[in-house]
Amino acid sequence: MKIILLGPPGAGKGTQAKSISNRYSIPHISTGDIFRKNISENTPLGIEAKKYIDNGQLVPDQVTIDMVKDRLQHDDCENGYLLDGFPRTVSQAEALQEFLQKRKESLDTALCIEVPRDFILERMTGRRVCPSCGASYHIKFNPPIEGKCELCGSDVVQRKDDTEETVKERLDVYERQTQPLIDFYKERELLSTVDGTKAINEVFESICTILGEPV
Ligand code: AP5
Ligand code: MG
Ligand code: ZN
């Protein structure tokens with residue numbers, strides 16, 4: 001199964017991705033998590049990406065596309081994958097289509113988690129993340145117990161780009177550069193949508209209804 005997750009910052013892509021990856025036994029590939037790992041390890045890719053991420057801008061397409069193509073050729077992607085945060089521009093979506101076509105493969109669905117702008121600021125400023133495995137928590141909606149990640153036990157932290165100012169910039173970038181992908185996938189009859197304003201477990205149930213039983 002090959003799935004991409006769409007939706008604004010704070011829609012709950014990362015939160016749902018952890019559960020989807022578990023239930024359908026496919027790797028969760030988050031471009032944001034890969035960039036953050038590279039930043040924490042001070043790699044050349046991390047140094048380049050940090051210039052953009054800290055300001056809420058997108059990392060240039062070619063850097064991102066090369067990184068994802070490389071990742072999709074790992075053995076664990078043989079039975080499918082879940083892309084979270086990629087594609088994010090029309091050029092990235094076209095590059096992914098081309099990559100799939102060359103391999104005679106196709107996407108199963110582009111799943112968009114819809115959340116209006118008004119909900120997002122509270123979600124983002126209350127978010128805490130696990131620096132080791134990327135799990136997301138929220139001080140009010142999904143509080144970490146004693147400040148530790150439930151999945152791996154690391155201390156959770158606040159993301160540097162979760163300040164009010166950067167979140168607003170990220171939302172603008174989303175509207176300008178990523179929202180056009182909704183039509184891109186609608187035209188290709190691959191789009192499905194879920195209401196992301198519901199509780200975390202209810203959103204997951206709607207997603208499972210769309211994806212069906214694991215094979
Ligand atoms: P990325 O890490 O992908 O950030 P994002 O898209 O801005 O999305 P978020 O991770 O902020 O939100 P999410 O939808 O995963 O929400 P979450 O589940 O955590 O990208 C970061 C940066 O990297 C970009 O700005 C860009 O610079 C760069 N980048 C990444 N990919 C790129 C690409 N393809 N091209 C170029 N640049 C790229 O949930 C949010 C909060 O809400 C959490 O606290 C959570 O607990 C809570 N929550 C979740 N669901 C619910 C619910 N149903 N009810 C209540 N609270 C909820
Ligand atoms: Mg995320
Ligand atoms: Zn963790």
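Me: How many bridges join S1 to strand S3, and in which sense do the two strands run?

Reply: In general, helices (H or I, at least four residues) and strands (E, at least two) are DSSP runs numbered from the N terminus, and two strands pair if DSSP finds at least two bridges between them. Here four bridges join S1 to S3 (residues 81-84), and the strands run parallel. Within this pairing, isoleucine 4 stands opposite leucine 83. This is a predicted model, in which local features need pLDDT of at least 70 and side-chain atom pairs count only at pLDDT 80 or more, while totals for chains, interfaces and linings use all residues. Residues are numbered from 1 along each chain as its sequence is written, chains are lettered from A and ligands numbered from 1 in the order in which they are written, and side-chain values use heavy atoms, with hydrogens and water left out.

Me: In what sense do S1 and strand S4 pair?

Reply: S1 and S4 (residues 109-114) pair in the parallel sense, over four bridges. Leucine 6 has cysteine 112 of S4 as its bridge partner.

Me: Why is S1 described as largely enclosed?

Reply: The general idea is relative accessible area: under 20% is buried, over 50% exposed, and in between partly exposed (1.4 Å probe, protein chains only). Five of the five residues of S1 (residues 2-6) are buried, so the strand is largely enclosed by the rest of the structure. Lys2, Ile4 and Leu6 point one way from S1, Ile3 and Leu5 point the other way, and all are buried.

Me: Where does UniProt place the feature "binding site"?

Reply: UniProt positions are given in the numbering used here, feature names are shortened, and annotations may be inferred rather than shown by experiment. The unreviewed UniProt entry places "binding site" at Gly10, Ala11, Gly12, Lys13, Gly14, Thr15, Arg127, Ser136, Tyr137 and Lys198. Of these residues, Gly14, Thr15, Ser136 and Tyr137 are included in the lining of the second largest pocket. On a 1 Å grid over the protein atoms alone, a pocket is an open set of points where a 1.4 Å probe fits, with protein on both sides within 12 Å along at least five of seven lines; lining residues have an atom within 4 Å of a point.

Me: Is glycine 12 buried or exposed?

Reply: Glycine 12 is buried, with a relative accessible area of 18%. It is found in the loop between S1 and helix H1 (13-24). Contact means heavy atoms within 4.5 Å; glycine 12 touches Ile113 and Arg123, not counting residues up to four places away in sequence.

Me: Which residues come nearest to ligand 1?

Reply: A residue is near a molecule if one of its heavy atoms lies within 4 Å of it. Of the 35 residues around ligand 1, Thr15, Gln57, Arg88, Arg127 and Ser136 come nearest. Arginine 127 is in strand S5 (residues 127-129) and is buried, with a relative accessible area of 12%. An N or O atom in the arginine 127 side chain is 2.6 Å from an oxygen atom of ligand 1.

Me: What joins the side chains of arginine 71 and aspartate 76?

Reply: A polar contact is a pair of N or O atoms within 3.5 Å; within protein, one must be able to donate a hydrogen and the other to accept it, and residues adjacent in sequence count only if both atoms are side-chain atoms. Here a polar contact of 2.8 Å joins the two side chains. Arginine 71 is found in helix H4 (residues 61-72) and is buried, at 18% relative accessible area.
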